[in-house]
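Work through the exercises below. Each has a task and a stepwise solution.

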Amino acid sequence: MLIGELSRRTGVGTHLLRYYEAQGLLEPIRGVNGYREYTEDAVLSVTQIRGLLDAGLSTEDIGILLPCSYGTAPEIYPCDELLDVLRARLHGLDERIDALTQSREALRSYIDATEGAAVDRR
């Protein structure tokens, strides 16, 4: 199938499909006319890519995980480096959440102090 049909079947724009190809996540063949041609498996691959992106994984992470994926969810076989990648990503998210929590508390303190100063001025 051509890129336009893959786009229609997956709901993913052609520009993103080209990006996935550039990232090594999709591998179309080139027809004699130079057009990208995708197999039926590409529909599943795009569905998996979208699901993994929705989980917050980078395209680099997905490049490692995609060969280990099956099904539309996707479900993942325990491939080499797989758990290390997932654990590292989770650790990064935990660190970001901690930093945001600290920022929220600091902002809350400034708001409380400012509101207290406003009451004292009255």
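**Exercise 1.** Is Thr59 buried or exposed?

Solution. This is a predicted model: local features need pLDDT of at least 70, side-chain atom pairs need 80 or more, and totals for chains, interfaces and linings use all residues. Residues are numbered from 1 along each chain as its sequence is written, and side-chain values use heavy atoms, without hydrogens and water.
- Step 1. The relative accessible area of Thr59 is 15%.
- Step 2. Thr59 is therefore buried (under 20%; exposed is over 50%, partly exposed in between; 1.4 Å probe, protein chains only).

**Exercise 2.** Which residues does Thr59 touch, not counting residues up to four places away in sequence?

Solution. 
- Step 1. List the contacts (heavy atoms within 4.5 Å): Tyr19, Gln23, Leu25 and Leu53.

**Exercise 3.** Which cysteines form a disulfide?

Solution. 
- Step 1. The pair is Cys68 and Cys79, with sulfur atoms 2.0 Å apart (cut-off: within 2.5 Å).
- Step 2. Cys68 lies in the loop between α4 and β3, Cys79 in the loop between β4 and α5, so the pair ties together parts eleven residues apart in sequence.
- Step 3. Cys68 is buried at 4% relative accessibility; Cys79 is partly exposed at 29%.
- Step 4. The angle about the S-S bond is -140°, and the link of Cys68 and Cys79 is left-handed.

Technical notes. Helices (H or I, at least four residues) and strands (E, at least two) are DSSP runs, numbered from the N terminus.
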